[in-house]
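User: I have a protein model open and want to learn how to read it. Please take me through it feature by feature.

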Amino acid sequence: MVKDALKSSLYDTLPNLTIGFHGCNKKTYEAVLHGNENLKKSENDYDWLGHGIYFWENGYERAKEWAVNKYGTDGMVIGAVISLGYCLNLTDIGSTSVIEATYSVLKAAYDAIGVPLPANRHGRSEIDYLLRNLDCMVIQATHDRNRQRGAQEYDSVRGVFTEGEPCYPGSGIPKKTHIQICVVNPNCIKGYFAPKEPLEGFNIP
């Protein structure tokens, strides 16, 4: 039986703070870290985890790679301390059953009017679904269902994504596998910081 989006678990609130990294250009970096501005949420219809502010969880190198690929020498990384709060945590079966239930509702509604649901697409990749139109719709619909029915709204969405070529021949581990966080409630972000390089001669705890 799938879990209804109205119901929540004792363990849907993630109490720990986590570190996230956001790739951006120099203008955004300066505005946030030195101009006291906030990061703006993404609202593309292909966003992997729905609409919100995106971070790589503890993934500085991946954030830097993304930023440099997109902005060249203007590519920068902002660090953030994040409380995930009430989280649609897609690494847990409790949350995946929630979006499964939402998909069933959407599928029935679209079938009734004879319109196909959007599909996830490869985009520029031959192996990964980089454009997640279907997933984005399902997650946004989950937020909508909660609001419409007076259920607790999610503060964040968290998911693991396998991406890239295998690490080595025969490996089941893609090179760019990572955890992403989509912050829906901006008050989850407790502060921003400029990532630093480690000091030589000291261990990294």
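This is a predicted model: local features need pLDDT of at least 70, side-chain atom pairs count only at pLDDT 80 or more; totals for chains, interfaces and linings use all residues.

User: Which strands pair with β3 in the antiparallel sense?

Analyst: Two strands pair if DSSP finds at least two bridges between them. β1 pairs with β3 in the antiparallel sense, over 11 bridges. Find Leu-14 opposite Gly-85 in β3. Then find His-22, which stands opposite Ile-78 in β3. β8 (residues 189-193) also runs antiparallel to β3, with 4 bridges joining them. There, Ala-80 has Tyr-192 of β8 as its bridge partner.

User: Which strand pairs with β3 in the parallel sense?

Analyst: That is β6 (residues 156-161), with 3 bridges to β3. Look for Leu-88 opposite Val-157 in β6. β1 has another link too: 2 bridges join it to β2, and the two run antiparallel. Phe-21 has Trp-56 of β2 as its bridge partner. As you look, keep one general idea in mind. In a regular strand the side chains alternate between the two faces of the sheet.

User: Now a helix. What do the buried residues of α1 pack against?

Analyst: Contact means heavy atoms within 4.5 Å. In α1, the residues Tyr-29, Ala-31 and Val-32 are buried. The buried residues of α1 pack against β1, β3 and β8.

User: Where is Lys-64, and which residues does it touch?

Analyst: Lys-64 sits in helix α2. Its relative accessibility is 28%, so Lys-64 counts as partly exposed. Setting aside neighbours within four places in sequence, Lys-64 is in contact with Gly-75 and Val-77. Lys-64 and Ile-127 are 63 residues apart in sequence and 22 Å apart in space, C-alpha to C-alpha.

User: Next, pockets. How much space lies in the largest pocket?

Analyst: Rolling a probe the size of a water molecule over the atoms shows where empty space is left. The search uses a 1 Å grid over the protein atoms alone. A cavity is a set of points where a 1.4 Å probe fits but cannot get out, while a pocket is an open set with protein on both sides within 12 Å along at least five of seven lines. Lining residues have an atom within 4 Å of a point. Grid points are joined across faces, edges and corners, and a volume is the space filled by probe spheres set on the points. Here the largest pocket holds about 1,200 Å³. It is lined by 39 residues, and those closest to its centre are Tyr-46, Trp-56, Trp-66, Lys-70 and Gln-180. The elements that each give two or more lining residues are β1 (13-25), α1 (26-33), β2 (53-57), α2 (60-71) and β7 (178-183). α2 gives the largest share, 5 residues.

User: How do the lining residues divide by type?

Analyst: Ala, Val, Leu, Ile, Met, Phe, Trp, Tyr, Cys and Pro count as nonpolar, Asp, Glu, Lys and Arg as charged, and the others, Gly among them, as polar. The lining has 14 nonpolar, 13 polar and 12 charged residues.

User: How many disulfides are there?

Analyst: A disulfide is a covalent bond between the sulfur atoms of two cysteines. The rule used is a pair of cysteine sulfur atoms within 2.5 Å. By this rule the count is 0. The sulfur of Cys-24 is too far for a bond because the closest cysteine sulfur, in Cys-182, is 17 Å away. For Cys-188, the closest cysteine sulfur is in Cys-87, at 8.6 Å, again too far for a bond. Cys-24 is buried, at 3% relative accessibility. Cys-188 is buried as well, at 5%.

Definitions and conventions:
Residues are numbered from 1 along each chain as its sequence is written. Side-chain values use heavy atoms; hydrogens and water are left out. Buried means under 20% relative accessible area, exposed over 50%, partly exposed in between (1.4 Å probe, protein chains only).
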